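Have the sequence and the 3D view ready. This report walks through the chains, then their helices, then a few single residues.

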Amino acid sequence: MNGEAFLRSPLVAVGAALVGVLVAVALLAPVLAPYDPHALAGDALERPSTRHLLGTNHLGQDLLSQLVWGSRPSASVAVGGAALAVLLALGIGVGAGLVGGWVDVAAMRVVDVFLALPTLPLLVLVAALTGVSWTSLVIAIGALSWPPMARLVRSQALTLRQRGFVEAARGFGGGVRYIVGRHLTPALAPLLVAAFVAIAARAVLLEAGLAFLGLADPTAVSWGLMLHEALSYPALYFSALWSWWVLPAGFAITLAVLGFTFLGVGLEPAFNPRWRRGR
Amino acid sequence: MREAGPAARASTVTTLAPERDGAEPTVSEELAGFSARDLGDDRVRGQRRSLAGLLGAYALTVFVLVTLNFFLPRVMPGDPIAALVTPEAATFVHDETLRRELRSYYGLDRPLGVQYLQYLGDLATGDLGTSIRYQTPVSRLVRERLPWTVLLTGSALTLAVAAGLLAGVHSAWRRGEPVDRGLLAVFLGLRNVPVFFLASLAVFAFAVQLGWVPLAGARTLFADTGGLLGQSADVAHHLLLPAAVLATQFAAGYYLVMRANMVGELGADYLVLGRVKGLRERRLKYRYAARNALLPVVTLMALQVSHAVTGAVFVETVFAYPGMGRLLFDAVEFRDYPTLQACFLVLTLVVVTANFLADLAYRRLDPRTTR
């Protein structure tokens, strides 16, 4: 693998920078935010000023502070949901690939059914019924995102199973746990990393989308919820209000998604064996 | 990546062509469900099933959806359905007759098995319960709203296919040139912008600032626009912006697949021969190469219905467009569970039906699959 070439690729650099900023802002939110995002720090609908750099919302909460704190649900749901999906896909894909037989058939049939389920309506129904918390979001997004990746992992595991080093390990008496832990997982790592990043991008969109529809923890602060509140405000478009209430949150979501997408697309050539062969 | 294993024999059918540069699926594309190779692969894998097997697989999916729709509200913590008829709960329905109808629709006083059978029977007769908010049968709401969603998504799909295919053909033909890179950046960029944000941007730019189109809604209410022609023009005027915004969500899919397939065709012998014969560039581009690259796009069309439904929920919400998506949004806002469940069921069934039709269409279109 030509390591330096892909790390120098501009896409990876931009993607890593965007994701890095997202994570840093999420971690440092208490330091960066000028006000408590819930506090009524000023009058309602103040214009941007030195006291409130992005103005205030309809309740008088500081929008910049909300923007800073809003990075937290996006970052944490993206990481949590993608991690859960990768774990599920690894377990189910490797299991199906190694065991084969009816387990494989059953697992792939389950994948087919899951792929046919439209994600968003299902998430909306579940979220509306259970109420939304960080845990329920991560579980719901993780549980709905693993199937396509499980299929990739399975086909990769099938290939690996017949490779010399795995056969040799088995010949020397290596158990399933040893083979999975020592040989399969490292060999699958590039695929898992790429899939993690791709699912994280989708998770950011889903979290923001649900919050935009009003399906969020009402006491939390998130970018989707900011847009929900802004677009529910009747006179939003009739003044310059729109430009500091909608634009920053919208761009924040877009940049977060783009960051993960760039990382994924940029890392791909290094990880995809087919691409490597050609170079 | 898919070279060995049982699926490989099927996958070679679609990939007998030599290594096509630019046509490889990326993991991100694969996960998004629309890499050209993957589509072919999946569908061909499906083909090895008989028609009965295919029907069986879809019947299973429909069964899972219908059953989920029944059990989800009943097993959820806090029992949201029971809360509708419990006087202490926040969502208690105060209207006496409505409460009685809810109780009878959900059959709350009977055993679960009986409730389930009754639910299936109600579904079969088109009874979707009574809306808590509007206090009318949900089936009537669906009948009112569904046509608007069909109109919106249909127009958006048409727009997306036209734009995506033309741009894809052009991009592949000029592969590597600035035009190609520019188009690639625009289509991929648009797909990464959340659609509700894009919709709000569009409203601000085209409806508020420029005033070219109305802010919201599907037609001018209470207006005597005079005749069928005037009304159609009014509806089209309202439709333009939401349809265009929705189209950006899947134009990228058609564009990428068409571009990848076209690139795969570029070195083909028949094009070389055509060029030697002195055929004009336009003819080679559209009549020869593009036609051969078109097949996977057909499948994509139906698969995109899933994206379309998701996008429609957001676009209709921003534009206050009176379709199923807006109905879903309002149902969430008012915790109107019967309406919410009906929206879920109708939207998901539309998606599953579209996928089924795609499978059927592909069986007919690809001669390799009917052996």
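## A first term: exposed or buried

In between, a residue is partly exposed. B:Q135 has 12 other C-beta atoms within 10 Å, so B:Q135 counts as exposed.

Where does B:Q135 lie? Its place is the loop between α7 (112-124) and α8 of chain B. Phi of B:Q135 is near 55°, a positive value in a residue other than glycine.

## How confident is the model?

The model scores ipTM 0.85 and pTM 0.81. Chain A has a mean pLDDT of 83, and 93% of its residues reach 70 or more. Which helix of chain A has the highest confidence, and which the lowest? Helix α5 (residues 71-99) of chain A is highest, at 91. Helix α14 (residues 273-278) of chain A is lowest, at a mean of 46. Over residues 274-279 of chain A, pLDDT stays under 50. The model still has 7 contacts beyond four places in sequence for this stretch.

Chain B averages a pLDDT of 76, and 79% of its residues score at least 70. Among its elements, α8(B) has the highest mean, 90. Helix α1 (residues 6-14) of chain B has the lowest, 32. Residues 1-26 of chain B are below 50, with 51 contacts beyond near neighbours in sequence. Residues 28-47 of chain B are also below 50, with 58 such contacts. Where pLDDT is low, the predicted coordinates should not be read in detail.

Chain A has 14 helices and 0 strands. Its C-alpha atoms fill a box of roughly 75 × 45 × 30 Å along the principal axes. Of its 279 residues, 51% count as buried.

Chain B has 16 helices and 0 strands. Of its 371 residues, 42% count as buried. Now look at contacts with a separation of 6 or more. In chain A, 71% of them join residues 24 or more positions apart. In chain B, the share is 71%.

## The nonpolar core

The largest nonpolar core holds 173 residues. Which residues touch the most other members? They are A:V204 and B:Y254. Helix α10 (residues 176-212) of chain A gives the largest share of this core, 21 residues.

Look at A:V204 first. Leaving aside neighbours within four places in sequence, its contacts are A:S74, A:A78, A:I253, A:A256, A:V257 and A:F260. Now find A:S243, in helix α12 (residues 241-245) of chain A. A:S243 has 13 other C-beta atoms within 10 Å, so A:S243 is partly exposed. A:S243 and A:V204 are 39 residues apart along the chain, and their C-alpha atoms are separated by 22 Å.

## Helices in chain B

Helix α8 (residues 138-173) and helix α11 (residues 227-265) of chain B cross. Their axes come within 5 Å, at an angle of roughly 35°. The crossing of α8(B) and α11(B) is right-handed. What kinds of residue make up this contact? There are 25 nonpolar, 6 polar and 1 charged.

Helix α12 (residues 269-276) of chain B is hardly covered. Among its 8 residues, the count of buried residues is 0. Just after α12(B), B:G278 takes a positive phi of about 85°.

## Around helix α14 of chain B

B:T310 sits in helix α14 (residues 295-319) of chain B. Is B:T310 buried or exposed? B:T310 is buried, because 25 other C-beta atoms lie within 10 Å. Apart from neighbours within four places in sequence, its contacts are A:P118 and A:L120. B:T339 is 29 residues from B:T310 in sequence and 17 Å away in space, C-alpha to C-alpha.

B:A320 lies in the loop between α14 and α15 (324-333) of chain B. Phi of B:A320 is near 50°, a positive value in a residue other than glycine. B:A320 has 14 C-beta neighbours inside 10 Å, so B:A320 counts as partly exposed.

Methods
Residues numbered from 1 in each chain as written. Chains lettered and ligands numbered in written order. Predicted model: local features only at pLDDT ≥ 70, side-chain atom pairs only at ≥ 80, totals over all residues. Axes fitted to C-alpha atoms, helices over the stretch in contact; angles between N-to-C directions. Helix = DSSP H or I, 4+ residues; strand = E, 2+ residues; numbered from the N terminus. Left-handed = near helix turned anticlockwise from the far one by under 90°. Nonpolar A, V, L, I, M, F, W, Y, C, P; charged D, E, K, R; others polar. Buried ≥ 20, exposed ≤ 12 C-beta atoms within 10 Å, placed from the backbone. Contact = placed C-beta atoms within 7 Å. Core = buried A, V, L, I, M, F, W, Y, C linked by C-beta atoms within 7 Å. pLDDT = per-residue confidence, 0-100.
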